[in-house]
Amino acid sequence: MKKQNEIKWFKPLFALIFVLGIGAVALVFSNENETIESEAENNSIVNTISSESREITEQKNILDSLNILKEAYDKAILEKTALSKELELERRNVESLMEIIKVSANPSADQIRIYRNQLFGLQYSLDSKVTEIKKLKSQNKNLLTEIESQNVVMYQQKAENDTLISKQKKLESTLKDASRLYLSNFKAIALREKNSGAELETTKAKNTKKLKISFTVNGNAVAKTGRRVFYVQVLDQKNTVLGDNRLIEFGNDKALVYSFIVSADFQGKSLNAYGILNADQFKKGTYFVNYFDKQEIMGSTSITLE
């Protein structure tokens, strides 16, 4: 009987302990879930803050890289190459991207990725242009070297040509001097006529009917042969040209007023030539006679009539 009473008392006690145990376990699990949820929420906030901080840092790094890139474009533009205009356009693209990034608050990861891709594109474009500029510089250097070599050759050739031209001019001058005709024995005499028609020399102005002007053409074996024309100019006391008093131009801005022409058949040997100046009356005084081979004066003489 006593044993049955103990069994009856033990069962309710065991049930109470069991219920209390389950409640404790439930309480423990409930606290653990709240702790896990709290930690998860805190981790999410931390990750969000970390992500935002990382994107802002990326934004700043991209801006710094764009500043460096802009300075590189400025330096490349200062070299003033054929690509300067293209470089200026690319620099404006860099500046535009910088302005866009500066006004972008809290950029997303996608925006950061787009900015970085654009940065890479601009950097690649600059690298390509710099490579092309180096190539152009190399080509220009080679071209300058070639031009300098050609200039040296041209200078040498010009020096040789100048030497040849100088020698040719000297030769032409020598030949011209060698072939030049010289006149000598310049004479002027007054002539009067006798009733018989004979002509005699006189010094009296009232008796003078004409002036005979003579000269000698010196011999020259290398001078051009054939008909040669000489011009005689006779001036009176008033410096008036007597005789034909004609003007002839020689085509080199030089001209001559002459009294008469003397023509001679030159064949390389010395010959005597003369011309006659007729006048109705000769006045007292001195007459001056000049002899010309074209525009070049070859000699002169004078005669005085009493």
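This is a predicted model: local features need pLDDT of at least 70, side-chain atom pairs count only at pLDDT 80 or more; totals for chains, interfaces and linings use all residues.
Reader: Where in the chain is Tyr291, the residue whose ring pairs with Phe215?

Author: The rings of Phe215 and Tyr291 have centres 5.6 Å apart and planes at 70 degrees, so this pair is edge-to-face. Both Phe215 and Tyr291 are buried. The pair links distant parts of the chain, 76 residues apart: Phe215 is in strand β3, and Tyr291 is in strand β9.

Reader: Which residues have the most contacts inside the largest nonpolar core?

Author: The largest nonpolar core has 27 residues. Strands that each supply at least two residues of this core include β1 (183–193), β3 (210–217) and β4 (226–235). The residues with the most contacts inside the core are Leu211, Ile213, Phe215, Val217 and Val232.

Reader: What does Leu211 touch, not counting residues up to four places away in sequence?

Author: Leu211 is one of the residues with the most contacts inside the largest nonpolar core. Leaving out residues up to four places away in sequence, Leu211 touches Ile189, Ala190, Val234, Gly275, Ile276, Leu277, Phe282 and Ile303.

Reader: Is Ser259 buried or exposed?

Author: Ser259 sits in the loop between β6 (255–258) and β7 (260–266). Buried means under 20% relative accessible area. The relative accessibility of Ser259 is 1%, so Ser259 counts as buried.

Reader: Which backbone nitrogen does the side chain of Ser259 reach?

Author: Among the residues that Ser259 touches, not counting those up to four places away in sequence, are Val232, Gln233 and Val234. At 2.8 Å, the side chain of Ser259 reaches the backbone nitrogen of Val234.

Reader: Where do the buried residues of α2 fall, seen down the axis of the helix?

Author: Helix α2 (residues 84–102) has 19 residues and spans 27 Å from its first C-alpha to its last, close to the 27 Å expected at 1.5 Å a residue. In α2, the buried residues are Ser84, Leu87, Glu90, Val94, Leu97, Met98 and Ile101. They fall within an arc of 135 degrees seen down the axis of α2, so they line one face of the helix.

Reader: What separates the C-alpha atoms of Glu86 and Lys129?

Author: Glu86 is in helix α2. With a relative accessible area of 40%, Glu86 is partly exposed. Glu86 and Lys129 are 43 residues apart along the chain, and their C-alpha atoms are separated by 8.7 Å.

Reader: What separates the C-alpha atoms of Ser65 and Met98?

Author: Ser65 is placed in helix α1 (residues 2–78). At 30% relative accessibility, Ser65 counts as partly exposed, whereas Met98 in α2 is buried. Ser65 and Met98 are 33 residues apart along the chain, with their C-alpha atoms separated by 9.9 Å.

Definitions and conventions: Residues are numbered from 1 along each chain as its sequence is written. Side-chain values use heavy atoms; hydrogens and water are left out. Helices (H or I, at least four residues) and strands (E, at least two) are DSSP runs, numbered from the N terminus. Buried means under 20% relative accessible area, exposed over 50%, partly exposed in between (1.4 Å probe, protein chains only). A polar contact is a pair of N or O atoms within 3.5 Å; within protein, one must be able to donate a hydrogen and the other to accept it, and residues adjacent in sequence count only if both atoms are side-chain atoms. Contact means heavy atoms within 4.5 Å. A nonpolar core is a set of buried Ala, Val, Leu, Ile, Met, Phe, Trp, Tyr and Cys residues joined through side-chain atoms within 4.5 Å. The expected span of a helix is 1.5 Å times one less than its number of residues. The arc is that of the directions from the helix axis to the C-beta atoms. Rings of Phe, Tyr and Trp (its six-membered ring) pair if their centres lie within 6.5 Å; planes under 30 degrees apart count as stacked, over 60 as edge-to-face and the rest as tilted.
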